[in-house]
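Have a look at the model below before reading on.

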Amino acid sequence: MTVKINEERAVARVVHQQVQGMLEKNLELLDQVIAPNANLVHITGTVQSKAE
């Protein structure tokens with residue numbers, strides 16, 4: 001159970017960093033926490049690459 005809680009905290013930490021990076025327009029932080037080949041899907045369904 002401890003491993004699962006630690007994994008959940010680690011995921012929550014990265015999600016928080018990503019949101020903070022977006023709010024602050026901190027491209028360096030976003031580059032660190034988003035995988036190089038990631039595709040982000042907007043609520044409208046539009047798919048964006050990390051570079052976009």
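The report below goes from overall fold to surface and then to one residue.

Please keep in mind that this is a predicted model. The chain has two helices and two strands, and along the sequence these elements come in the order α-α-β-β. With a radius of gyration of 13 Å, well over the 10 Å that the globule rule gives for 52 residues, the chain is more spread out than a compact globule.

| Property of the chain | Value |
|---|---|
| Span of the C-alpha trace along the principal axes | about 40 × 25 × 20 Å |
| Accessible surface | about 4600 Å² |
| Distance between the centres of the positive and negative side chains | 7 Å |

Carbon and sulfur atoms account for 57% of that accessible surface. As for burial, 12% of the 52 residues count as buried. Turning to charge, the chain carries 5 positive and 6 negative side chains.

Which residues form a nonpolar patch on the surface? The patch is made of Val11, Val15, Val19, Met22 and Leu23, which together have about 470 Å² of accessible area.

Valine 11, one of the patch residues, is found in helix 1, which covers residues 2–24. Is valine 11 buried or exposed? Its relative accessibility is 52%, and the cut-off for exposed is over 50%, so valine 11 counts as exposed.

Definitions and conventions:
Residues are numbered from 1 along each chain as its sequence is written. This is a predicted model: local features need pLDDT of at least 70, side-chain atom pairs count only at pLDDT 80 or more; totals for chains, interfaces and linings use all residues. Side-chain values use heavy atoms; hydrogens and water are left out. Patches are made of residues with over 30% relative accessible area and no salt bridge: like charges are joined within 9 Å, nonpolar side chains (Val, Leu, Ile, Met, Phe, Trp, Tyr) within 5 Å. Accessible areas come from the Shrake-Rupley method with a 1.4 Å probe; for residues, only the protein chains shown count as cover. A salt bridge is a side-chain nitrogen of Lys or Arg within 4 Å of a carboxyl oxygen of Asp or Glu. Helices (H or I, at least four residues) and strands (E, at least two) are DSSP runs, numbered from the N terminus. Buried means under 20% relative accessible area, exposed over 50%, partly exposed in between (1.4 Å probe, protein chains only). The radius of gyration is taken over C-alpha atoms; the globule rule is 2.2 Å times the number of residues to the power 0.38. Lys and Arg count as positive and Asp and Glu as negative; His and the chain ends are not counted. The place of a charge is taken as NZ of Lys, CZ of Arg, CG of Asp or CD of Glu.
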